[in-house]
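Let's take a walk through this model together. Keep the viewer open and follow along as we stop at a handful of places.

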Amino acid sequence: MARRVPRVSAAAQFRLRWRPRDARRGEAWAPAPRPDLGCPRPLGANWDLGPAGIPAWPCAKRPIRRPVVASALLDPEAGSGNAGQPPPRRGIGPNSAGPAFAGARPISLNSPPFRPRPSYRPRVSPQSAPGGFDPALSPARLPPQEAPPPQARPRPAARARPPRVRTEVRSRKPGAGGAAALSSARTRPPAPGRAGDRAPGPAVPGHSFRKVTLTKPTFCHLCSDFIWGLAGFLCDVCNFMSHEKCLRHVKTPCAGVAPSLVRVPVAHCFGPRGLYKRKFCAVCRKGLEAPALRCEVCELHVHADCVPFACSDCRQCHQDGHHDHDTYHHHWREGNLPLGGRCEICRKTCGSSDVLAGVRCEWCGVQAHSLCSVVLAPECTFGRLRSMVLPPGCVRLVSRNFSKMHCFRIAETAVLELGDGDDGMDGSAALGPGRDVPAAPESSKQTLKIFDGNDTMRRNHFRLVTVPRLARSEEVLEAALRAYYVTDDPGDFELQELPLPLPASDAQAPGKAGSGGSAEEDSGRGSGTHEPEAWVIRARPRTQEVLKIYPGWLKVGVAYVSIRVTSQSTVRTVVLEVLPLLGRQAESPESFQLVEVLMGSRQVQRMVLAEEESLLQRLQDIRQTSLRQASQTRFYVAESKAVTPHISLFVGGLPPGLSPQEYGNLLHEAMATKAAAVSVSHVYSQGAVVLDVTCFAEAERLYMLGRDTAVHGQPLTTLVLPDVMHGKLPPDCCPLLVFVNPKSGGLKGRDLLCSFRKLLNPHQVFDLTNGGPLPGFHLFSQVPCFRVLVCGGDGTVGWVLTALEETRHRLACQEPSVAILPLGTGNDLGRVLRWGAGYSGEDPFSMLVSVDEADAVLMDRWTILLDAHKAAGTENSVVDAEPPKIVQMSNYCGIGIDAELSLDFHQAREEEPGKFTSRFHNKGVYVRVGLQKISHSRGLHKEIRLQVEQREVELPSIEGLIFINIPSWGSGADLWGSDNDSRFEKPRMDDGLLEVVGVTGVMHMGQVQGGLRSGIRIAQGSYFRVTLLKATPVQVDGEPWVQAPGHMIISAAGPKAVPWMPLWSRRLACLPTVGRWCAALVAVG
């Protein structure tokens, strides 16, 4: 018979479930009613404390908040030792004014402190602004005599529409990176529109959110999650999309206020246009579907028409006398992260291919969510590559008007200005932030041309704005301001109509005001009786303004101070008024000056203002010229100290082997240098000098003139070089000097050049097609310890090693280690040193890590003396003698058939360089030219004579003679072979010996390539003398030419170069961790 289970009521089950642990053990327990919740509680049981020390009922499942706890935040005496007694705790306990319960006990004073929710934080009302000017101002920010008493502060009239929230920087906070942190908020009236469509909730940094209906899959720009439902919140200015729940957590500033949050303005270096898949514009946050621009120094991607609105927040890579400091904070860049990127804090995925989300430090590479980034320490340690990065505090370059492209030796390209191109009306239209297209004539909307001042009217550069035909003038004005990312009060501006069509002579005509908002004008626009084509935004005249003055020095408690300027305010009076607010009242105002800074996205321009200049008129002139420039203009008060110019100008392409006096006279004849301001500081025998210029104007003139000057038919190369303060380098710093040949490896060399500039300091990355390796070695000449990375083929590596040999006596580090990133066709040296057969798109960061973990091994370097003259027994009756020359060799030297094939390939590449962009295609050309020579026979053994260690060696019947220093030839072939021979020692690349091998023809070379045969072993030694009886093709490390009859002497080059071998080569060879010499020998052998 089944056992009958007694039935228990739901109330009894509830009481049994939530009774205390002691009662479940059998102790007395009786329920007591609660007036507010209507559920029992245990008698004599202790209260459960919540996360903030708040008692939580066992059945409530949530803490009980104190009713009046926010008042303690406003009380300056709360929690202080002067109070004597703790503040009364109302609402809980027997002594409180709230309901008391039997058995309740008061909260202990040792309980954890209460942490209020964000909704309890006190907020400053916009009506508390003094004077009715800047709502974010406080009496402490204004001069004491102008701060009105609190009870006399006028309050602006209430507006019927909901407020649009905006924030503004009030104080410096660490960890802001390129933009300063946000601290205080202010509100601004939004555009007149639909009631209730604005985003409710707390303040967000400058955004103007409104609720929109979603018609396609959309993702949140904060959490990067899909927005479920049909509603989202969109910023009208920068297109930031967010969940309603994410609005209170938005920290990313709007593009309209981002320029005002930049900590130190630094211009960008935009390269040529390109297609960037799954990348997003940092200004309008839209995808980069059309060819866009990318900064060569940081990860900024923008549309071509968004370039003028981009913030000048690039990385600060050197000290220039403005806001120099030794402590560097994280430089955050939003979005465009790799898909597999993980947050440093929560370890969740922070990259997204759908929206612009997540942040990344452009120095150390740390990735995080925008909310998680505030938890990280503000100081940046430069991450995993800190020992390889040239610290920005150790580089100094006072460039004044030199652009970033000039400072970083980046080839300049034509970056189109606002509205340039063929995609707009009259070739000068630019799309607005929404990237709209002109509306059809029969549609309910119309498209207007909007100018922001006299400058855009003169250039005929405008923005297209699409508005409804029945839109009011206020709505059109706000749409025009949003097109130029202007977030100021629309009441301060007006629209003026331009004539139709717009004549060039009347481009600056004032026109007619279009912002009155009268009913007749609105009806006229809707009916189409008078529909203007072009409008210009004008600022209304003001009798006084609030001006922000930034300190031109560091270690100041505020980011800026705000003062009122009137028609009587001059630069002198403003400086007198600002110095006490910045704590410099004890110093003389004569030693300070006011500097106007235009923070352009491509160049930051500074201009010192005259003492008697009117600031109010100056502000009005800037707004009349361009509203965009007005939003990007700052005023700094700085110390007026004399700056001694010192610019190092590298000039290459000169005739080699001249004296300093001869080089000075040659430059004076070619460029008319001024002897009082220009002097030759360094001379290189390869045909290059370094000029020390003590005048900014003269340095700029010489730089621009040298780019268009040729000496003896050779064009000159001029570069601006910074100064490396080697005394400030950290003890564990061994910076990496990077040379990249962009012509190697197709387009991969150009991509690597850009990647290394972003991962390292751009000053330590050099383009070999722009001056060669000499500028890099000159810049690092005083660095006590550095390493070298060469990105290119074997010829490029030999070029750099040759320059290193010639400048070794000038270097403080005379034996720097050299690493190789193979980009050529054969890449034999890279194969031997285990860097791979060729670069195939690996992560540049992982390549730098491998360089840092590599071991150093020694390698022989050889010198080849070429002495051409008329030799006896030649068939030619007349042979012109050539001057002797010296060539350095690292890999091999070929005479005969292999040099002839290399020469044919070289000539084919010179004729059509655009076709030689693939390693596979290059090898195919080698095969083609080899098949053409397969039946060729010239009997090389009859045309040359060979001496080894002063001993004549009889040559067999061969077509090619090759001297090899490394066990790799012709894209990895082992020409010497692995068989043991008692006549010769086992070859090594550091034994001081060269191996001499012969080949019988193209067929023999093909068999060696396939591993079927090896070469004919002839000799092994350290000194060789070759006599050429006829003009013969010769190649050294892949660089071929035709050598005239004469002598070739091959000998050791003295000190040995020090290339590197990566640690992962040991793992490939399955070797344990042993000494350098053993690992090198086993890996090479």
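Arginine 278 sits in the loop that links strand 7 (241-242) to strand 8 (293-294). Keep in mind as you look that this is a predicted model. Is arginine 278 buried or exposed? It counts as exposed, because its relative accessibility comes to 59%. There's something else to notice in its backbone: the phi of arginine 278 is positive, near 55°, even though the residue isn't a glycine. Most residues other than glycine have a negative phi.

Another arginine gives us a second case. Arginine 347, also not a glycine, has a positive phi of about 60°. You'll find arginine 347 in the loop between strand 10 (332-334) and strand 11 (359-361).

Move along to the loop between strand 12 (367-368) and strand 13 (395-396), and you'll come to glycine 383. Glycine 383 counts as buried because its relative accessible area is 15%, and the cut-off for buried is under 20%. Now look for cysteine 364. Glycine 383 and cysteine 364 are 19 residues apart in the sequence, yet their C-alpha atoms are 4.1 Å apart in space.

Let's step back for a moment and take in the whole chain. It holds 22 helices and 49 strands. Of its 1085 residues, 51% count as buried. And how much of the contact in the chain links residues 24 or more positions apart? Among contacts with a separation of 6 or more, such pairs account for 68%.

Which residues of helix 6 are the buried ones? Among them are Val476, Leu477, Ala479, Ala480, Leu481 and Ala483, and the list also includes Ser473, Glu478 and Arg482. After helix 6 comes tyrosine 485, with a positive phi near 55°.

Next up is helix 15 (residues 794-807), which is where threonine 796 has its place. Threonine 796 is buried, with a relative accessible area of 7%. What does the side chain of threonine 796 make a polar contact with? Its partner is the side chain of asparagine 741, at 3.0 Å. If you set aside the neighbours within four places in sequence, threonine 796 touches Asn741, Ser744, Leu768, Val790 and Cys791.

Helix 15 also contains threonine 807. Threonine 807 counts as buried too, because its relative accessibility is 2%. Leaving out neighbours within four places in sequence, the residues in contact with threonine 807 are Tyr684, Gln686, Leu774 and Phe777. Take leucine 774 from that list: threonine 807 and leucine 774 are 33 residues apart in sequence and 8.2 Å apart in space, going from C-alpha to C-alpha.

Now for some helices that pack against each other. Two packed helices are described by the angle between their axes and the distance between the axes. Start with helix 13 (residues 748-759) and helix 17 (residues 844-852), which pack at an angle of about 70° with their axes 10 Å apart. That angle makes helix 13 roughly perpendicular to helix 17. The crossing of helix 13 past helix 17 is right-handed. On the helix 13 side, the contact is made by Leu752, Ser755, Phe756 and Leu759, and helix 17 brings Pro844, Phe845 and Leu848. Sorted by type, the residues of this contact between helix 13 and helix 17 come out as six nonpolar, one polar and no charged.

Our last stop is the pair formed by helix 18 (residues 897-911) and helix 19 (residues 919-932), which pack at an angle of about 125° with their axes 10 Å apart. So helix 18 is oblique to helix 19. Helix 18 and helix 19 cross in a right-handed way. Where do they touch? Helix 18 contributes Leu901, Ser902, Asp904 and Phe905, while helix 19 contributes Asn922, Val925, Tyr926, Val929 and Gly930. The residues in the contact of helix 18 with helix 19 divide into five nonpolar, three polar and one charged.

Note on methods
Residues numbered from 1 in each chain as written. Predicted model: local features only at pLDDT ≥ 70, side-chain atom pairs only at ≥ 80, totals over all residues. Heavy atoms only, no water. Axes fitted to C-alpha atoms, helices over the stretch in contact; angles between N-to-C directions. Helix = DSSP H or I, 4+ residues; strand = E, 2+ residues; numbered from the N terminus. Parallel < 35°, antiparallel > 145°, perpendicular 65-115°, else oblique. Left-handed = near helix turned anticlockwise from the far one by under 90°. Contact = heavy atoms within 4.5 Å. Nonpolar A, V, L, I, M, F, W, Y, C, P; charged D, E, K, R; others polar. Buried < 20%, exposed > 50% of the residue type's maximum accessible area, 1.4 Å probe, protein only. Polar contact = N/O pair within 3.5 Å; in protein donor to acceptor, adjacent residues only side chain to side chain.
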